[in-house]
Amino acid sequence: MSRSELSLSEHLADSIVEIIRTEQLVPGDALASSRDLARRFDVTTPTVREALRRLEATGVVEFRHGSGTYVGPGSERRLLANPHLPRGSRESVLELVEARLVLEPAVAAAAARTRVPEAVERLRTAAANALHPPRESLRASVHFHVVLAAASGNALLRETVEALLQVRAREQVEIRHRYNDRARDHAEHVEIFEAVRDGDAEAAERLTREHLGFIREAVLAADFPDTDTATATTEDSAGTDLETPR
């Protein structure tokens, strides 16, 4: 592809994102076909497909075989995860948990004070994910703590929690493996939901802190044999060459 064609596909990708914003499309909504977009922007269909592939790489759109192109979960995401990072080590998983301990209890308190009605109802549904995971992919699942942040009514808080979990997605997987008592996880989520529903900011903050504290204890007690060994090997190599729904 030439430099001019590359620039055209980049520009076209921006224009498609603008369509998503101006038409207020949300994840799961269908986009116009590649042929229709080509006519709309007076470009070739291959150029449209190249622009859509760019957007697919960042999760802004999704291709569904035999169905078409849809708005993806990354359409409002500010930060992107590095898919090539190694599996989470104990240290990196603890780093994620401790960052969440700083942020999420206060977010839960804000949610209890604000209680956006639609988000509170979604929170009820999301609390059940620990026992009955949705059929769709994990990426499309409603994450309890993201919905909790949405209940605060502050879009930036929701985006921040969502971005944190997305950027550290591998560590989040490690957390699910270590904190794997589904009934306990569900019960703790239900308690947080009830505090938010009842407008009890103090209880929502305390319960969220306790929930994340239990996760931290589970991570500390868990074995990370493969990742610990890999970390040590990487550090030794570096010294010689001087050169990743809780």
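A crossing of two helices is left-handed if the near helix is turned anticlockwise from the far one by less than a right angle, and right-handed if clockwise. In this predicted model, the crossing of H4 and H7 is left-handed. H5 likewise passes H9 in a left-handed crossing.

| Helix pair | Residues | Axis distance | Crossing angle |
|---|---|---|---|
| H4 and H7 | 90–114 and 155–167 | within 11 Å | roughly 160° |
| H2 and H3 | 34–41 and 45–57 | within 8 Å | roughly 110° |
| H5 and H9 | 117–127 and 182–197 | 9 Å | about 165° |

**H4 and H7**

The axes of H4 and H7 cross at roughly 160°. Angles over 145 degrees count as roughly antiparallel, so H4 is roughly antiparallel to H7. On the H4 side the contact is formed by Leu96, Arg100, Leu103, Glu104 and Val107, and on the H7 side by Leu157, Thr160, Val161, Leu164 and Leu165. Sorted by class, this contact holds seven nonpolar residues, one polar residue and two charged residues.

**H2 and H3**

For H2 and H3 the crossing angle is roughly 110°. The range from 65 to 115 degrees counts as roughly perpendicular, and H2 is therefore roughly perpendicular to H3. Ser34, Arg35, Leu37 and Ala38 of H2 are in contact with Thr45, Val48, Arg49 and Leu52 of H3. The classes here are four nonpolar, two polar and two charged residues.

**H5 and H9**

H5 and H9 pack at about 165°, which means that H5 is roughly antiparallel to H9. From H5, the residues Val120, Leu123, Arg124 and Ala127 take part; they meet His186, His189, Val190, Phe193, Val196 and Arg197 of H9. This contact comprises six nonpolar, two polar and two charged residues.

**Aromatic rings**

A pair of aromatic rings is described by the distance of the centres and the angle of the planes. With a limit of 6.5 Å between ring centres, the count of aromatic pairs in this model is zero. Rings do take part in contacts with charged side chains. The charged end of Arg64 sits over the ring of Tyr70, at 3.9 Å from the ring centre. Arg184 lies over the face of Phe214, with a distance of 4.5 Å to the centre of that ring.

Note on methods:
Residues are numbered from 1 along each chain as its sequence is written. This is a predicted model: local features need pLDDT of at least 70, side-chain atom pairs count only at pLDDT 80 or more; totals for chains, interfaces and linings use all residues. Side-chain values use heavy atoms; hydrogens and water are left out. Rings of Phe, Tyr and Trp (its six-membered ring) pair if their centres lie within 6.5 Å; planes under 30 degrees apart count as stacked, over 60 as edge-to-face and the rest as tilted. A charge sits over a ring if NZ of Lys or CZ of Arg is within 6 Å of the ring centre and within 35 degrees of the ring normal. Axes are lines fitted to C-alpha atoms, for helices over the stretch in contact, and angles run from 0 to 180 degrees between N-to-C directions. Helices (H or I, at least four residues) and strands (E, at least two) are DSSP runs, numbered from the N terminus. Angles under 35 degrees count as roughly parallel, over 145 as roughly antiparallel, 65 to 115 as roughly perpendicular and the rest as oblique. Contact means heavy atoms within 4.5 Å. Ala, Val, Leu, Ile, Met, Phe, Trp, Tyr, Cys and Pro count as nonpolar, Asp, Glu, Lys and Arg as charged, and the others, Gly among them, as polar.
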